[in-house]
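Trainee: I am new to this structure. Please show it to me, and then I will ask how the terms are applied.

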Amino acid sequence: FLVDALTDIGGGDPIPTLTTILQYHVTPDARGPGRVLAATRFPTLAEIGIRHVPGSLALIDKDPDIANPRLVPSAINIKASNGKIHTINRVLIPVNL
């Protein structure tokens, strides 16, 4: 189902759509929890910004028809070899589906 949906959205090729979705989850620099919680917008490697409600855990992606994703407080600021991981409760959607 997922491959078929990505293929339809991608006009016959699922790889560019999947790449955009994955890049939409990555910022170009490491951000600690203070920077994350204070920010109003995050740049992404997909070059599609994610909005954030400062001081809250709410993120605002590009699909207004489903509940906004939220940062998971118990899993903010996990150290990785190439940056930091901030866990969210659902996949960020880079387009209005």
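Mentor: Start with a definition: buried means under 20% relative accessible area, exposed means over 50%, and partly exposed is in between, with a 1.4 Å probe and protein chains only. By that rule, buried residues make up 26% of the 97 residues in the protein. This is a predicted model, in which local features need pLDDT of at least 70, side-chain atom pairs count only at pLDDT 80 or more, and totals for chains, interfaces and linings use all residues. Residues are numbered from 1 along each chain as its sequence is written, and side-chain values use heavy atoms, with hydrogens and water left out.

Trainee: Why is T19 called partly exposed?

Mentor: T19 has 33% relative accessibility, so T19 counts as partly exposed.

Trainee: Which helix holds T19?

Mentor: T19 is in helix α2, residues 14-23. Helices (H or I, at least four residues) and strands (E, at least two) are DSSP runs, numbered from the N terminus. The protein has 3 helices and 5 strands, in the sequence pattern α-α-α-β-β-β-β-β.

Trainee: How do you know whether the radius of gyration agrees with that of a compact globule?

Mentor: The radius is taken over C-alpha atoms, and the globule rule is 2.2 Å times the number of residues to the power 0.38. For 97 residues a compact globule would be near 13 Å; the protein has 14 Å, so the value agrees. The C-alpha trace spans about 40 × 30 × 20 Å along its principal axes.
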